[in-house]
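Colleague: Could you walk me through reading a model like this one? I'd like the general idea each time, then the case at hand.

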Amino acid sequence: MSGDRLMRIHSAEFQAMAARVLQVTELTTRLNVLPFDDEAGKAELFEQILGKPLPPRVTIHPPFFTDHGLNLDLAERVFINQNCTFLDYAGIRLGERVMIGPKVTFITIGHPVDPGERRLYLTGAPIDVAENVWIGAGATILPGVSIGRDAVIAAGAVVADDVPPASLVTDSKATVRRQW
């Protein structure tokens, strides 16, 4: 994964990203209408979306959404429940045994806060999730966040800051409540 990014909108890099988004949107649309038991069809589409086969014992329950796919790094034994979204252009890494609840959203790209720059640039930073993390239903993980090993992100939390290992994060303010 790369570090923090600043991309000029309408640059060659932006146009290449936009082309990939269209391609992956078509692939995920096909993936999300397959019969649930069509393992071969899902595996083929995931390979096209991710640019490589799924690692061993990774489980992803569609519907599944990503805007890029090539910067989504999944370790073995990752579980992703239904209706999750991965905006992965700046990179998302999920360590071994990470569990993702339904409707979780990972966002690695956004816009500058400055109104004068907002329509000129995209900003982004990678997300890194360490081993054995559990992210509850409907949580949102924002650009640049690292989540430490064994942490738990409660349902509905919005995570804008790094999370220490072995900690519980709750609320829409993503407040660290305790560590063990």
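This is a predicted model: local features need pLDDT of at least 70, side-chain atom pairs count only at pLDDT 80 or more; totals for chains, interfaces and linings use all residues.

Modeller: Residues are numbered from 1 along each chain as its sequence is written, and side-chain values use heavy atoms, with hydrogens and water left out.

Colleague: Which residues touch the most other members of the largest nonpolar core?

Modeller: The general idea is that in soluble globular proteins, nonpolar side chains tend to be buried together. A nonpolar core here is a set of buried Ala, Val, Leu, Ile, Met, Phe, Trp, Tyr and Cys residues joined through side-chain atoms within 4.5 Å. Buried means under 20% relative accessible area, exposed over 50%, and partly exposed in between (1.4 Å probe, protein chains only). The largest core has 36 residues, and Leu 94, Phe 106, Ile 135, Ile 147 and Ile 153 touch the most other members. Elements supplying at least two residues each include α1 (12-31), α2 (39-50), β6 (84-87) and β12 (127-129); α2 gives the most, with four. Helices (H or I, at least four residues) and strands (E, at least two) are DSSP runs, numbered from the N terminus. Apart from this core lies another one of seven residues, among them Met 7, Ile 9, Met 17 and Leu 122.

Colleague: And what does Ile 147 touch?

Modeller: Contact means heavy atoms within 4.5 Å. Leaving out residues up to four places away in sequence, Ile 147 touches Asp 128, Val 129, Ala 130, Val 133, Ile 135, Ile 141, Ile 153 and Val 163. In β15, Ile 147 is also the bridge partner of Val 129.

Colleague: What is the strand order of that sheet?

Modeller: Two strands pair if DSSP finds at least two bridges between them. The open sheet has four strands in the order β4-β7-β12-β15, with parallel pairing. Since β4 and β15 (146-147) are at the edges with a single partner strand each, one side of each is left without a neighbour in the sheet. β12 and β15 are joined by two bridges.

Colleague: Which face of β11 is covered?

Modeller: In β11 (residues 121-124), Leu 122 and Gly 124 make the covered face, while Tyr 121 and Thr 123 are on the uncovered one. β11 pairs antiparallel with β1 (residues 5-8) over four bridges, and with β10 (residues 109-110) over two. Thr 123 has Leu 6 opposite, and Gly 110 stands opposite Thr 123 as well.

Colleague: How many aromatic pairs are there?

Modeller: Rings of Phe, Tyr and Trp (its six-membered ring) pair if their centres lie within 6.5 Å; planes under 30 degrees apart count as stacked, over 60 as edge-to-face and the rest as tilted. That rule gives three pairs. Phe 46 and Phe 64 are edge-to-face, 5.3 Å centre to centre with 75° between the planes. The rings of Phe 86 and Phe 106 are stacked, because their centres are 4.8 Å apart and their planes at 10°. Phe 86 and Phe 106 are both buried. Ring pairs link Phe 46, Phe 64, Phe 86 and Phe 106 into a cluster.

Colleague: Last one: is Val 176 buried or partly exposed?

Modeller: Val 176 counts as partly exposed, because its relative accessibility is 38%. Val 176 is in strand β19 (residues 175-179) and touches Pro 164, Ser 167, Leu 168 and Val 169, not counting residues up to four places away in sequence.
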